[in-house]
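Below is a short briefing on one structure, with points grouped by topic.

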Amino acid sequence: MMSGQLLEVRGVTKNFGGVQALTGVDLSVGRGEVVGVIGPNGAGKSTLFSVICGIKPTSGSILFKGVDITGNAACDICHCGIARTFQLTKPFLQLSVRDNVASAFLFGRGGQKVSGLREAREEAMGVLREVKLDHRGGALASDLLFAERRRLELARAVATGPELLLLDEAMAGLSTGEAQEMLEILAGLRQKYGITLLVIEHIMKVVMAICQKIVVLNYGSKLAEGTPEEVARHKEVVAAYLGDEGA
């Protein structure tokens with residue numbers, strides 16, 4: 001693993017009117033790490049991702065490779081090397097699976113490597129092979145099954161050429177077998193492309209299996225941070241998930 005912090009979130013607070021979604025959150029992601037962000041519903045996890053990806057915080061800053069990117073336009077965030085998947089997949093339904101990925105390739109950093117749509121489509125098929133979806137390249141995105149749409153969402157994000165990939169509940173709604181396949185796909189993508197991961201996930205077995213570090217949010221504040229083993233033993237974390245009696 002290479003040394004150095006790829007991403008630094010420094011004292012980020014985000015208010016929406018009278019609602020404080022994040023309060024003074026600090027977080028760092030080292031190059032090559034897999035870092036998990038967990039917490040109960042409404043803890044501020046997706047808001048944190050949105051701030052990293054360009055939504056201007058009320059206060060605080062976001063640094064990527066040492067450069068302040070706070071509040072930058074989404075396209076600039078993408079071009080600097082950050083991509084994100086979403087809980088709700090929204091492909092271009094009337095485009096083919098291949099062209100969904102090709103369009104992402106042209107939009108992102110990968111567009112610098114190709115001279116046109118034909119080459120973008122060739123590159124797209126390479127990414128689709130990595131997510132085990134190349135056999136569906138010619139199908140309309142509207143015809144994909146739920147688990148296939150999850151993989152298409154991942155492929156589109158990877159096609160932009162990220163150094164840091166933010167996964168927002170990529171396993172949500174998947175069966176045990178489908179989730180295991182997704183884990184294998186993520187491992188392959190990390191190995192092939194050297195991607196660093198920041199992961200929001202509710203399936204604790206997944207978090208414990210892939211993350212070197214976990215950050216716990218609760219009511220918009222950082223409740224705990226540590227290795228999976230340390231976080232699993234943290235009494236306040238247990239209480240936040242299970243209530244005081246469960247703790």
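Lys 45 lies in helix 1 (residues 45-52); helices (H or I, at least four residues) and strands (E, at least two) are DSSP runs, numbered from the N terminus. This is a predicted model, in which local features need pLDDT of at least 70 and side-chain atom pairs count only at pLDDT 80 or more, while totals for chains, interfaces and linings use all residues. Residues are numbered from 1 along each chain as its sequence is written, and side-chain values use heavy atoms, with hydrogens and water left out.

**Lys 45**
- Lys 45 counts as buried because its relative accessibility is 7%, where buried means under 20% relative accessible area, exposed over 50% and partly exposed in between (1.4 Å probe, protein chains only).
- Leaving aside residues up to four places away in sequence, Lys 45 touches Val 37, Ile 38, Gly 39, Pro 40, Ile 200, His 202 and Leu 217; contact means heavy atoms within 4.5 Å.
- The backbone oxygen of Pro 40 is reached by the side chain of Lys 45 at 3.0 Å.

- Four strands form an open sheet in the order 2-1-4-5, with antiparallel pairing; two strands pair if DSSP finds at least two bridges between them.
- Strand 2 (19-30) and strand 5 (67-68) are the edge strands, each pairing on one side only.
- Strand 1 (residues 5-16) and strand 2 run antiparallel and are joined by 8 bridges.
- Val 25 in strand 2 is the bridge partner of Val 12.

**Helix 3**
- Buried residues of helix 3 (residues 97-107) include Val 97, Val 101 and Phe 105.
- The buried residues of helix 3 pack against helix 4 (117-130) and helix 5 (146-159).

Note on methods
Polar contact = N/O pair within 3.5 Å; in protein donor to acceptor, adjacent residues only side chain to side chain.
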